[in-house]
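Please look over the sequence and the model shown here before reading on.

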Amino acid sequence: MVKPIENCEVSFKGKNYPCPISMVMDLIGGRWKGVILYYLQDGAKRFGELKQLMPTITEMTLSLQLKQLEKDGFISRTVYGDKPPVKVVYELTDFGNSFQPVLDALSAWSHHVVGQEP
């Protein structure tokens with residue numbers, strides 16, 4: 001297990017964070033970003049496919065979270081066609097793929113604690 005260190009400040013994209021966890025939570029924190037990244041692990045998805053996988057998310061929230069993940073470099077957005085209806089596809093970037101071990105660890109932890117609830 002990694003022990004906390006005294007000076008664990010990190011800087012990323014010109015922003016300073018008091019510790020590495022605060023950086024990660026700034027980038028993927030909240031209810032939906034991690035879920036979106038989880039569903040994009042197995043390949044590109046269209047907006048409607050993501051919406052079906054997460055039926056309780058609103059379209060506005062999904063759209064906002066996708067824009068933030070794109071801005072932070074986790075996903076790419078590719079538009080096919082120039083006349084409506086266009087096809088828009090979201091997929092993990094190399095940076096987003098580098099986050100897969102974290103998603104795997106979170107998923108494994110979740111499966112480990114199921115049934116061990118207090």
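This is a predicted model: local features need pLDDT of at least 70, side-chain atom pairs count only at pLDDT 80 or more; totals for chains, interfaces and linings use all residues.

Residues are numbered from 1 along each chain as its sequence is written, and side-chain values use heavy atoms, with hydrogens and water left out.

The chain contains six helices and five strands. Both kinds of element are DSSP runs numbered from the N terminus: helices are H or I with at least four residues, and strands are E with at least two. Read from the N terminus, the order of elements is β-β-α-α-β-α-α-β-β-α-α. The C-alpha trace spans about 55 × 40 × 25 Å along its principal axes.

Some totals describe the chain as a whole. It has 118 residues, of which 26% count as buried. Here buried means under 20% relative accessible area, exposed means over 50%, and partly exposed lies in between, with a 1.4 Å probe and protein chains only. The chain exposes about 8500 Å², and carbon and sulfur atoms supply 58% of that area. Accessible areas come from the Shrake-Rupley method with a 1.4 Å probe, and for residues only the protein chains shown count as cover. Of the contacts in the chain with a separation of 6 or more, 42% are between residues 24 or more positions apart. A contact means heavy atoms within 4.5 Å. There are 13 positive and 13 negative side chains, and the centres of the two sets lie 6 Å apart. In this count Lys and Arg are positive and Asp and Glu negative, while His and the chain ends are not counted. The place of a charge is taken as NZ of Lys, CZ of Arg, CG of Asp or CD of Glu.

Now to the sheet. Three strands make up an open sheet in the order β3-β5-β4, with antiparallel pairing. β3 (45-46) and β4 (75-80) are at the edges, each with a single partner strand, so one side of each has no neighbour in the sheet. Strands count as paired if DSSP finds at least two bridges between them. β3 and β5 are joined in the antiparallel sense over two bridges, and in β5 the bridge partner of Arg 46 is Val 89. Ser 76 has Glu 91 of β5 as its bridge partner, Arg 77 stands opposite Tyr 90 in β5, and Thr 78 has Val 89 in β5 as its partner. In a regular strand the side chains alternate between the two faces of the sheet. Helix α2 (residues 33-40) lies across β3, β4 and β5, and runs at about 95 degrees to β5. Such angles run from 0 to 180 degrees between N-to-C directions, with axes fitted as lines to C-alpha atoms, for helices over the stretch in contact.

Asp 82 is in the loop between β4 and β5 and is exposed, with a relative accessible area of 72%. Asp 82 and Leu 106 are 24 residues apart in sequence and 39 Å apart in space, C-alpha to C-alpha. Pro 85 belongs to the loop between β4 and β5, and the peptide bond from Pro 84 to Pro 85 is cis, with omega near -5 degrees. Val 86 is also found in the loop between β4 and β5. Val 86 is partly exposed, at a relative accessible area of 34%. Apart from neighbours within four places in sequence, Val 86 contacts Arg 46, Val 79, Tyr 80 and Gly 81.

Another loop lies between β1 (10-12) and β2 (15-17), and holds Lys 13. Lys 13 has a positive phi of about 50 degrees although it is not a glycine. Most residues other than glycine have a negative phi, and most peptide bonds are trans. Lys 13 is exposed, with a relative accessible area of 56%.

The last stop is Gly 34, in helix α2. Leaving aside neighbours within four places in sequence, Gly 34 is in contact with Ile 28 and Leu 103.
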